[in-house]
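Take a walk through this structure, one stop at a time. Keep the sequence and the model side by side.

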Amino acid sequence: MNETMVCAVGRVATQPVYREMASGPSARFRMAVTARYWDREKNTWTDGHTNFFTVWANRQLATNTAASLTVGEPVIVQGRLKVRTDVREGQSWTSADIDAIAIGHDLAWGTSAFRRGGKPEAAASPTSPASPEPNWETAPDDSAECSDASAQRLPEPAVLM
């Protein structure tokens, strides 16, 4: 495929807008990307031109984007660049959109705590043959197979000194 893939590093400029569409969830936000360069004459870093992109996210990425991002946070966005030219009221407008594949916080500026999103109920069946491991996070129930409560308990580990 002939697509222009980009990786943009910048800041969230607008609060993400989340919408439930017929094709699934969608979210969009504006991202500001400012070039910085070392000014040798002033011996300091200087801000250059700022580019603004509209970032589009779909499906689970849209849900996670809306729940994770707020204005001003540093982000890294990878996706397909789409440049559009439009004529409005006799003027030519050009916009640059990114159809996001991945969005994340830029950890060069701070920390982030990752949380895995919830799965649908149908996929989380502990007795399905696709999951060979038992669900260790649920407490064993008192079943008819083992009437003695002490037989269900595991022995305490020995303390070695």
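Start at Ser26. Leaving aside residues up to four places away in sequence, Ser26 touches Val17, Tyr18, Arg19, Met21, Trp56, Ala57, Asn58 and Ala62. Contact here means heavy atoms within 4.5 Å. Ser26 sits in strand β3. Ser26 is buried, at a relative accessible area of 13%. The cut-offs are these: buried is under 20% relative accessible area, exposed is over 50%, and partly exposed lies in between (1.4 Å probe, protein chains only). The side chain of Ser26 also makes a polar contact with the side chain of Asn58, at 3.5 Å. A polar contact is a pair of N or O atoms within 3.5 Å; within protein, one must be able to donate a hydrogen and the other to accept it, and residues adjacent in sequence count only if both atoms are side-chain atoms.

A word on the source. This is a predicted model, in which local features need pLDDT of at least 70 and side-chain atom pairs count only at pLDDT 80 or more, while totals for chains, interfaces and linings use all residues. Residues are numbered from 1 along each chain as its sequence is written, and side-chain values use heavy atoms, with hydrogens and water left out.

Now step back to the whole chain. The protein chain has two helices and six strands. Read from the N terminus, the order is β-β-β-β-α-β-β-α. Helices (H or I, at least four residues) and strands (E, at least two) are DSSP runs, numbered from the N terminus. Of the 161 residues in the protein chain, 19% are buried. Take the contacts between residues at least 6 apart in sequence: 54% of them join residues at least 24 apart.

Next, follow strand β5. Strand β1 (residues 5-12) pairs with β5 in the antiparallel sense, over seven bridges. Two strands pair if DSSP finds at least two bridges between them. Gly10 stands opposite Val75 in β5. β5 and β6 also run antiparallel, joined by 14 bridges. These two strands form a hairpin with two residues between them. Glu89 lies in that loop, between β5 (74-88) and β6 (91-105). Its phi is near 50°, a positive value in a residue other than glycine. Glu89 is exposed, with a relative accessible area of 87%.

Asn43 gives another such case. Asn43 lies in the loop between β3 (24-39) and β4 (44-58). Phi of Asn43 is positive too, near 55°. Asn43 is exposed, at 55% relative accessible area.

Charged pairs come next. Side chains of opposite charge can pair when their charged atoms come close. The structure holds five salt bridges, each a side-chain nitrogen of Lys or Arg within 4 Å of a carboxyl oxygen of Asp or Glu. In one of them, Arg36 meets Asp47, with the closest N and O atoms 2.6 Å apart. Arg36 lies in strand β3 and Asp47 in strand β4, so the pair ties together parts that are 11 residues apart in sequence. Arg36 is partly exposed, at 49%. Asp47 is partly exposed, also with a relative accessible area of 49%.

Which residue in β6 stands opposite Arg80? Asp99 does. Their side chains meet in a salt bridge (3.6 Å, N to O). Asp99 is in strand β6 and Arg80 in strand β5, 19 residues apart. Glu3, Arg80 and Asp99 are linked in a network of salt bridges.
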